[in-house]
Structures are given as C-alpha cells and as structure tokens.
Amino acid sequence: MANTSSFSSSPSTKFSFDEKPHVLAVDDNLIDRKVIERLFINSTCKVTTAENGKRALEYLGLADGQHPNHNDLKVNLIITDYSMPGMTGYELLKRIKESPTMKEIPVVVVSSENIPTRINQCMQGGAQEFLLKPLQLSDATKLRCHIKKAITRGVCRRR
Amino acid sequence: MDLLSQLRGQIADFSAFLHREGFVDDQFTQLQKLRDESSPGFVVEVVSLFFEDCEKLVNNMAKALEQQIVDFKQVDSHVHQLKGSSSSIGAARIHNVCIAFKTCCEDQNRNGCVRCLQQVNHECIQLKNNLQTLFNLEQQIIAAGGSIPAKQ
C-alpha cells in the first residue's frame with residue numbers, strides 16, 4: 001500500500017529551486033582540480049574537490065568501515081578523472097553505483113585519453129557521460145543543465 | 001592614441017603572438033574567460049601553481065634519469081602529470097614535448113628522455129617569461145584605469 005518508489009514526484013524539501021547544485025570533483029592533479037572547480041563555480045554550482053577515489057568515498061560516507069550517510073549530504077553530480085593512483089575513476093564509479101544511498105547520483109568520467117574500450121567500460125558501468133579533457137566552460141554549463149533538469153523532475157536521492 | 005588604447009593594442013599583439021607561435025592554445029583563452037569579479041586572480045593563480053608543479057616534476061625526472069638503472073615507469077608517471085596539467089592550462093608547446101617524452105619512456109630510451117627533459121625545461125622557462133610579460137601588460141592596463149577583460 002505504501003509508496004515504495006525511489007523517486008518522489010515533487011522535489012524534496014532539501015532541493016529548493018534557488019539552491020546551487022553541488023558537484024563533487026575528483027582528480028589527483030591539483031591544476032585540474034582548480035580548473036574544474038572554477039568551471040563549475042562559474043556555472044553557479046557549489047564544488048567540493050577530492051584528490052583521489054578514497055577521499056571521495058570517505059566524503060560520501062562509503063569508505064570501508066563507514067556507516068552509510070544519514071546526514072544532509074546532498075551531491076547532485078560526481079565528476080571524476082579516470083586515471084588516478086590507487087583507485088581509478090571506473091573503480092570509484094562502480095563503488096558509487098553499488099551503494100544503495102548514492103547510486104542515483106550521476107557520475108561523469110573524464111579522461112585525457114580517447115580510448116573506446118575505456119569509454120565503453122565506463123558507460124556500461126553506469127556513467128552518465130564520458131568527457132575528454134581538457135574540460136571547457138560549455139561542458140560545465142551543459143552538465144549543470146542536466147542536473148537542474150533532474151532536480152526539477154523531482155529525482156532525489158533515496159535515504 | 002591614449003595610454004589605455006596603446007596598452008590594449010600591445011596586449012592584443014602579444015596574445016596573438018603567443019597563440020601563433022604555439023606557446024598557448026585555445027584552452028588558455030578558455031581559462032582567461034573564467035576570470036571574473038569574484039576571481040580576478042584566477043589565471044595568475046593557476047599558472048603559478050602550474051610552474052611550481054612543473055619545477056618539482058622536472059627535478060624529480062632529472063633525478064630519476066640520473067640513476068644507474070632508470071625507473072621509466074616513474075618518469076612516465078611524472079610526464080603523465082605534466083602532460084595533463086599543460087593540457088589543462090593550454091600550454092601547448094609543453095604538452096607537445098610531453099607527448100614525445102612519453103614515447104621515449106615507453107621505449108625506455110634514456111637519451112631520448114634526457115633530451116625531452118631539456119626541452120621541457122626550456123619551454124617552461126620560455127612560457128613563464130612570456131606569461132609574465134602578459135600579466136605585466138594586464139597590470140599596466142588596470143593601473144591605467146582599464147579592466148581585464150575589456151568591458152564592452
């Protein structure tokens with residue numbers, strides 16, 4: 001009888017239309033982190049950066065030993081570099097998609113290398129999109145549009 | 001011609017030169033577009049970080065190439081970093097050297113790597129000087145009452 005759908009039909013109170021989308025950007029390269037951060041801030045998003053997959057998982061409350069995140073963490077988009085030491089962007093993608101709490105968050109993978117098998121692997125793994133570096137303002141603007149549409153449609157993370 | 005117009009002419013010419021000679025590419029222009037009232041120092045900041053990083057990487061690569069037995073994987077990982085950063089800021093010449101450098105690493109060609117490293121170093125110094133000139137011109141424009149980018 002109770003509605004057990006993962007999506008609510010109206011925006012949750014956590015998502016006001018004026019609120020800036022929150023992007024988590026993961027990249028081991030400091031310069032790339034700075035550039036991606038600025039790209040999204042200029043597209044009126046809030047940005048949190050992480051220097052590797054492990055830190056990103058910790059932030060999301062998905063690291064080994066952590067309890068699933070029950071606080072008000074709201075992330076609307078995760079953008080991750082593919083080639084990172086320790087954990088690749090693909091491995092991070094898989095961990096996020098395996099999480100009941102975080103799997104709805106769109107994950108975009110970026111890479112400086114145009115390798116079709118890599119692209120396929122990420123898309124099969126549930127990536128929203130695969131983009132080539134270097135990123136430009138138009139990429140950030142386009143992604144922000146997707147995020148806003150998703151919020152407006154009332155897609156929200158199931159707690 | 002007033003000072004401001006003169007300076008604007010100078011900076012336009014210099015920017016065209018930098019692009020023409022391949023010191024920077026369109027990605028650098030993209031970065032300049034990201035500069036606004038809330039982050040006027042963005043380009044200078046990122047460029048400074050880049051050169052700091054560059055210096056560190058060059059030193060690490062030099063040390064690695066001096067070893068009896070060269071760890072080419074190590075060198076390659078440094079080149080990969082530099083290749084990425086240079087692409088992100090639009091440092092086209094440096095990026096191109098890195099492409100050749102990577103090949104030398106893959107071929108385990110020590111002499112080739114040493115040559116590439118020298119080239120990287122040379123290009124870094126040149127770009128640093130060129131961008132300093134550009135930033136100085138921008139400072140002069142601001143001091144003369146103009147703004148960067150020019151308000152329409």
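What percentage of the 159 residues of chain A count as buried? In this predicted model, 47% of the residues of chain A count as buried, where buried means under 20% relative accessible area, exposed over 50% and partly exposed in between (1.4 Å probe, protein chains only). Local features need pLDDT of at least 70 and side-chain atom pairs count only at pLDDT 80 or more, while totals for chains, interfaces and linings use all residues of the predicted model; side-chain values use heavy atoms, with hydrogens and water left out. Residues are numbered from 1 along each chain as its sequence is written, and chains are lettered from A and ligands numbered from 1 in the order in which they are written.

Chain A contains five helices and five strands, these being DSSP runs numbered from the N terminus (helices H or I, at least four residues; strands E, at least two). Read from the N terminus, its elements follow the order β-α-β-α-β-α-β-α-β-α. Among the contacts in chain A with a separation of 6 or more, 67% are between residues 24 or more positions apart, a contact being defined by heavy atoms within 4.5 Å. Strand 5 (residues 129-132) of chain A includes A:Glu129, which is buried at 16% relative accessibility. Beyond its neighbours within four places in sequence, A:Glu129 is in contact with A:Val107, A:Val108, A:Val109, A:Met123, A:Lys142, A:Leu143 and A:His146. With A:Lys142, the side chain of A:Glu129 makes a side-chain polar contact of 3.3 Å. A polar contact is a pair of N or O atoms within 3.5 Å; within protein, one must be able to donate a hydrogen and the other to accept it, and residues adjacent in sequence count only if both atoms are side-chain atoms.

Side chains of opposite charge can pair when their charged atoms come close. Over all chains, the structure holds 15 salt bridges, each a side-chain nitrogen of Lys or Arg within 4 Å of a carboxyl oxygen of Asp or Glu. One of these joins A:Asp64 to A:Arg95, with the closest N and O atoms 3.2 Å apart. This pair links distant parts of the chain, 31 residues apart: A:Asp64 belongs to the loop between helix 2 (53-60) and strand 3 (77-81) of chain A, and A:Arg95 to helix 3 (residues 89-97) of chain A. A:Asp64 is exposed at 70% relative accessibility, whereas A:Arg95 is partly exposed at 28%. Another salt bridge connects A:Asp81 and A:Lys133, whose closest N and O atoms are 3.4 Å apart. A:Asp81 is in strand 3 and A:Lys133 in the loop between strand 5 and helix 5 (137-152) of chain A, so the pair ties together parts that are 52 residues apart in sequence. A:Asp81 is buried at 7% relative accessibility, and A:Lys133 is buried at 16%.

In chain B, B:Glu123 forms a salt bridge with B:Arg93, the closest N and O atoms being 3.6 Å apart. Here too distant parts of the chain are linked, with B:Glu123 in helix 6 (residues 110-143) and B:Arg93 in helix 5 (residues 92-106) of chain B, 30 residues apart. B:Glu123 is buried at 9% relative accessibility, while B:Arg93 is partly exposed at 24%. Helix 1 (residues 3-20) of chain B contains B:Leu7, which is buried with a relative accessible area of 3%. Residues up to four places away in sequence not being counted, B:Leu7 touches B:Leu137, B:Gln140, B:Ile141 and B:Ala144.

The contact between the chains takes 22 residues from chain B and 17 residues from chain A. One salt bridge is found across the interface, between the side chains of B:Glu45 and A:Lys34 (3.2 Å, N to O). Nine residue pairs are in polar contact between the chains, both residues being at pLDDT 80 or more. On the side of chain B that touches chain A, the elements giving two or more residues are helix 2 (26-33), helix 3 (42-66) and helix 4 (72-89) of chain B. The largest share, seven residues, comes from helix 4 of chain B. B:His80 is also found in helix 4 of chain B and is partly exposed at 23% relative accessibility. Leaving aside neighbours within four places in sequence, B:His80 is in contact with A:Ser83, A:Ser112, A:Glu113 and B:Lys102.
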